Amino acid sequence: MPSCPYNSYSSSLLSRFGYKVFRVGVDAGFTCPNRCGSPDGRGCIYCDSQGARAAYLRSSESAYRHDSGFESGIDTIAYKSEDCLKNTFTFDSEDIKKQVERGTSFISRRYKTYHFALYLQSFSNTFAPVAKLKELYDYALSLCSWEGFIISTRPDCIDDAKLDLLASYKDVCTSVCVELGLQSGSDEILRAMRRGHDVSCFLNAAEAVRHHGLELCVHVLTGFPGEGRSELDMTIDVVNKVHPDAIKIHNLNIAAGTELYERFLEGEVTAPCLTRHVENTVYFLRRIPYDIVVERLMCETPNHRLASPRLFPDKNRFLRLLERTMAERGARQGDLC
Ligand code: SF4
């Protein structure tokens, strides 16, 4: 029996490919229909416009450490609805090329490997007309020999034409995966988050991704105000219903510059502490099947932008605590399914 009590991403890569495939995050310049659709351009109330970008693409943050002090005066990226709604997406091919070169050379230098997956992570990476998406995807995929292609988006931002296009890249890459944000299985919580979609929208999107033979990774967010065990159970039920290939579980982070931060300052909300997130995560993992690959177990907002929870360890310490807690309880992913 493997020592890790859950189906970790790194071990799943090793058993699938025989080696690790490293994701190269590329910010292609997309926006998000939820930010465009809201009057102030801020979208979900926890939306951290900086954090939607891959950490190593935020070069202005490279001087900060995990234990940096908090700075409230953070610039946010807001979009004017009228510009957004025209959806005149364009991409900067030179910039994308530079990002790919920077990402692949960093990874090959540090990990001595040349196995890469293109990861379009920032905002909603299907938010453009299909012809424009094809132009971008074809270009980015031509820049390297990619073994995987991962596209992060919202459930209300895909349709059959976009999924047909994504499915066509299965001839190019061994793995083509769509990452969809569910966040919560409770419509009430989704409304409070101002997600702009409901559970049934997510279920339809997940089914469409499956129907096109694409891999599916689901994002969930635990610890939102108002979430108790019954709401967490609703999220688990939705995950089990769609049975994704992979999952990313995030704890709620309240970041500077978000609407949630304003409510936090007013004393209306707070975010779960370490103990509660460990409990939520153990509870969650025990109730989803072991064959779902666990790609992420916590949110990693840099400390200088993180208002709450302040006393949260870095990823390695969190994972060690989680694994120890599960081992002490004899708990494993899926043992209470
Ligand atoms: S879907 Fe993502 S990028 Fe869009 S508003 Fe919500 S958190 Fe922000």
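Among contacts in the chain between residues at least 6 apart in sequence, 85% join residues at least 24 apart, a contact being two residues whose C-beta atoms, placed from the backbone, lie within 7 Å. Please keep in mind that this is a predicted model: local features need pLDDT of at least 70, side-chain atom pairs count only at pLDDT 80 or more, and totals for chains, interfaces and linings use all residues. Residues are numbered from 1 along each chain as its sequence is written.

The chain's secondary structure comes to 12 helices and 9 strands; these are DSSP runs numbered from the N terminus, with at least four residues (H or I) for a helix and at least two (E) for a strand. Of the 337 residues, 41% are buried. Here, buried means that 20 or more other C-beta atoms lie within 10 Å of the residue's own, exposed means 12 or fewer, and partly exposed is in between, with C-beta atoms placed from the backbone.

Let's turn to the sheet. It is open, with 7 strands in the order S1-S2-S3-S4-S5-S6-S8 and parallel pairing, where two strands pair if DSSP finds at least two bridges between them. Strand S1 (22-26) and strand S8 (293-296) stand at the edges with a single partner strand each, so one side of each has no neighbour in the sheet. From one strand to the next, the twist averages 25 degrees. Helix H4 (residues 93-111) packs on this sheet, touching S1 and strand S2 (116-120), and its direction makes about 155 degrees with that of S1. Such angles run from 0 to 180 degrees between N-to-C directions, the axes being lines fitted to C-alpha atoms, for helices over the stretch in contact.

Strand S4 (residues 175-183) is largely enclosed by the rest of the structure, because 8 of its 9 residues are buried. Strand S3 (residues 146-153) pairs with S4 in the parallel sense over 6 bridges, and isoleucine 151 has valine 178 in S4 as its bridge partner. Glutamine 183 also belongs to S4, and it counts as buried because it has 24 C-beta neighbours inside 10 Å. Its phi is positive, about 70 degrees, although it is not a glycine. Most residues other than glycine have a negative phi, and most peptide bonds are trans.

Two more places are worth a look on that score. Arginine 194, in the loop between helix H7 (187-193) and H8, has a positive phi near 60 degrees. The peptide bond from serine 308 to proline 309 is cis, with omega near 0 degrees, and proline 309 sits in the loop between strand S9 (306-308) and helix H12 (315-329).

Further along the sheet, 3 bridges join strand S6 (residues 246-251) to S8 in parallel, and lysine 248 stands opposite arginine 296 in S8. Isoleucine 247 is, with Leu118 and Leu180, among the residues with the most contacts inside the largest nonpolar core, which has 80 residues. A nonpolar core is a set of buried Ala, Val, Leu, Ile, Met, Phe, Trp, Tyr and Cys residues joined through C-beta atoms within 7 Å.

Cysteine 201 lies in helix H8 (residues 199-211) and is partly exposed, because 17 other C-beta atoms lie within 10 Å. Leaving aside neighbours within four places in sequence, cysteine 201 is in contact with Pro155 and Asp156.
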